[in-house]
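Here are some notes for reading this entry alongside its sequence. Each point takes up one part of the chain.

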Amino acid sequence: MTLITTKKSGTVLVLSAAILLAIWPLPNTMGARHLMLLTGFIAAAFILLPNRHVFNSCQAWPIYFFFSFFIWLLFHLLIPSNHFAEQWKELTGDWLRNFLASIIGLALGIVLSAPKKHLSPKLQKMQEPVLIWGLAGTTSIFCVRYIFEVFQTGQWIHSDFYMTPYLGKTPLVIFGGLLIPVMLTKALDALQGKERQVWYLYSFMGLLATLLMFYFANTKNGFAMFALLLSVAFFAALKNLARVKVSLPKLGGVTLVSVLIFGYVIYKHLDTNTAWSNLVADYKTSVKIEEHDNWKDKTSPLPINGNGIAVNGSTYERVAWARAGLELLIDHPLGYGLINHSFGALAIQKWSDFHKPDGNNRGSTHSGWLDFTLGFGIPGLLLVCIPLVTSYSRARKRTDFWGAYALWTIPLIGVSYVTTEVCTGHFIELLFFLTAMFSGLTLQHSRGPTDENVD
């Protein structure tokens with residue numbers, strides 16, 4: 001295969017991945033998503049086939065380990081069960097898309113680990129901005145739609161604004177959250193003189209747009225994730241204070257303004273969400289699922305917490321269903337075999353008065369990792385998580401931007417998939433895409449981007 005063909009394939013791959021990241025959770029884009037998955041898969045094949053020798057190394061074991069998940073999937077399909085038709089439907093639908101996303105992610109990781117080998121000189125310079133705009137797609141689309149709403153209504157504030165255009169909060173938390181590591185990485189690099197100082201402005205605008213998106217969508221998960229990452233970035237900046245390339249007074253002024261603005265938005269969110277002040281009391285009550293029935297039948301009254309008030313409905317469902325899900329996992333460590341509604345199906349078997357699953361939420365625990373494990377068991381969870389943890393360890397040895405992005409994003413995935421109902425559709429496609437991408441990126445983990453040429 002010629003060098004020209006390889007670099008054209010690299011260009012198509014990067015563009016396909018960027019478009020996918022931008023539109024993945026956007027409703028009514030199925031045709032475009034399928035086109036990008038197919039186009040990206042073909043381009044990925046032209047990258048992976050001539051580079052198949054890299055998979056002969058022992059260093060490639062996380063990739064084989066991860067793709068073994070699809071063998072485990074077939075095992076679940078072939079063992080006797082009373083839901084073969086549902087499994088087959090998921091295999092030829094959801095899991096086919098997940099496989100295509102995994103191949104695209106793996107090839108993209110390999111390309112980003114050695115851009116000079118796989119990309120044209122022009123795209124070598126453009127691959128970061130192109131993919132960053134893709135990662136910023138959800139936040140950008142939300143902000144544009146919100147501004148349009150302001151012009152349409154003449155009102156600046158629209159609370160719980162998440163049904164348009166994303167039909168829920170989860171896409172904003174997961175896909176919108178992917179922009180936060182980009183902005184924090186670039187800001188920290190700018191502090192050390194590794195990036196242009198204009199990235200202070202870009203990072204501030206990107207973080208503020210993401211925070212306002214979480215605020216107007218009223219998502220507690222998003223705010224918790226944002227505060228956690230910002231705190232880590234703050235301590236990382238303090239740790240590397242000796243290497244800061246800007247004057248300390250200027251840095252202090254920028255930090256103060258940022259803290260005041262971000263702090264005010266976070267304060268307003270906390271002030272308007274009583275669920276935060278009662279979080280511990282609600283948890284203590286909600287976890288005692290044997291003492292109340294609302295989590296099962298959806299008709300019984302919500303229990304009263306230790307403060308004498310009814311528990312928050314969202315907190316109650318997350319905690320009670322998680323506790324029930326853990327009990328079911330103990331009974332079914334190999335999983336039920338479905339990515340959709342495994343919790344609901346197993347719960348009906350254990351609790352006869354459990355409400356019939358109806359939609360994604362009725363059949364899930366609100367925890368992506370727990371739902372995933374209920375579907376495919378502890379082996380299935382390990383086949384995904386071990387490659388992610390290995391990629392995190394290897395990324396620490398890289399010096400490039402994408403290595404740093406992996407260090408921020410892998411923990412972000414780990415945490416956000418704990419408390420968010422993401423065991424379905426685009427969110428699993430994204431999980432498999434990123435897991436494969438980071439595995440490919442860190443395959444040659446002892447250095448930054450490779451400069452070697454192709455014969």
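1. Leaving out residues up to four places away in sequence, which residues does G380 touch? In this predicted model, G380 touches F69, W72 and F372. G380 is part of helix α22, which covers residues 368–395. The relative accessible area of G380 is 0%, and a residue counts as buried under 20%, so G380 is buried.

2. G380 and S81 are 299 residues apart along the chain, and 18 Å separates their C-alpha atoms.

3. Helix α13 runs through residues 198–217, which makes 20 residues. From its first C-alpha to its last, α13 reaches 29 Å, close to the 28 Å expected at 1.5 Å a residue. Its buried residues are W199, S203, G206, L207, T210, L211, M213, F214, F216 and A217. When reading such a list, keep in mind that an α-helix has 3.6 residues a turn, so residues three or four places apart point the same way. Just after α13 comes N218, with a positive phi of about 55°.

4. Helix α19 has 19 residues, which should span 27 Å at 1.5 Å a residue. At the start of α19, a side-chain oxygen of N312 comes to within 3.0 Å of the backbone nitrogen of S314. The buried residues of α19 include T315, Y316, E317 and V319, and also A320, W321, A324, G325, L328 and L329.

5. How is α19 (residues 313–331) placed against α20 (residues 342–350)? The two helices pack at an angle of about 75°, and their axes are 10 Å apart. Because of that angle, α19 is roughly perpendicular to α20. On the α19 side, the contact is made by W321, A324, G325, E327, L328 and D331; on the α20 side, by F343, L346, A347 and K350. Six of the contact residues are nonpolar, one is polar and three are charged.

6. H292 sits in the loop between α17 (279–286) and α18 (294–297). Is H292 buried or exposed? With a relative accessible area of 8%, H292 is buried. A polar atom of the H292 side chain lies 2.8 Å from the backbone oxygen of K288. Setting aside neighbours within four places in sequence, H292 is in contact with T285, S286, P303 and Y316. Of these, Y316 is also among the buried residues of α19.

Key: Residues are numbered from 1 along each chain as its sequence is written. This is a predicted model: local features need pLDDT of at least 70, side-chain atom pairs count only at pLDDT 80 or more; totals for chains, interfaces and linings use all residues. Side-chain values use heavy atoms; hydrogens and water are left out. Helices (H or I, at least four residues) and strands (E, at least two) are DSSP runs, numbered from the N terminus. The expected span of a helix is 1.5 Å times one less than its number of residues. Buried means under 20% relative accessible area, exposed over 50%, partly exposed in between (1.4 Å probe, protein chains only). Axes are lines fitted to C-alpha atoms, for helices over the stretch in contact, and angles run from 0 to 180 degrees between N-to-C directions. Angles under 35 degrees count as roughly parallel, over 145 as roughly antiparallel, 65 to 115 as roughly perpendicular and the rest as oblique. Contact means heavy atoms within 4.5 Å. Ala, Val, Leu, Ile, Met, Phe, Trp, Tyr, Cys and Pro count as nonpolar, Asp, Glu, Lys and Arg as charged, and the others, Gly among them, as polar. A polar contact is a pair of N or O atoms within 3.5 Å; within protein, one must be able to donate a hydrogen and the other to accept it, and residues adjacent in sequence count only if both atoms are side-chain atoms.
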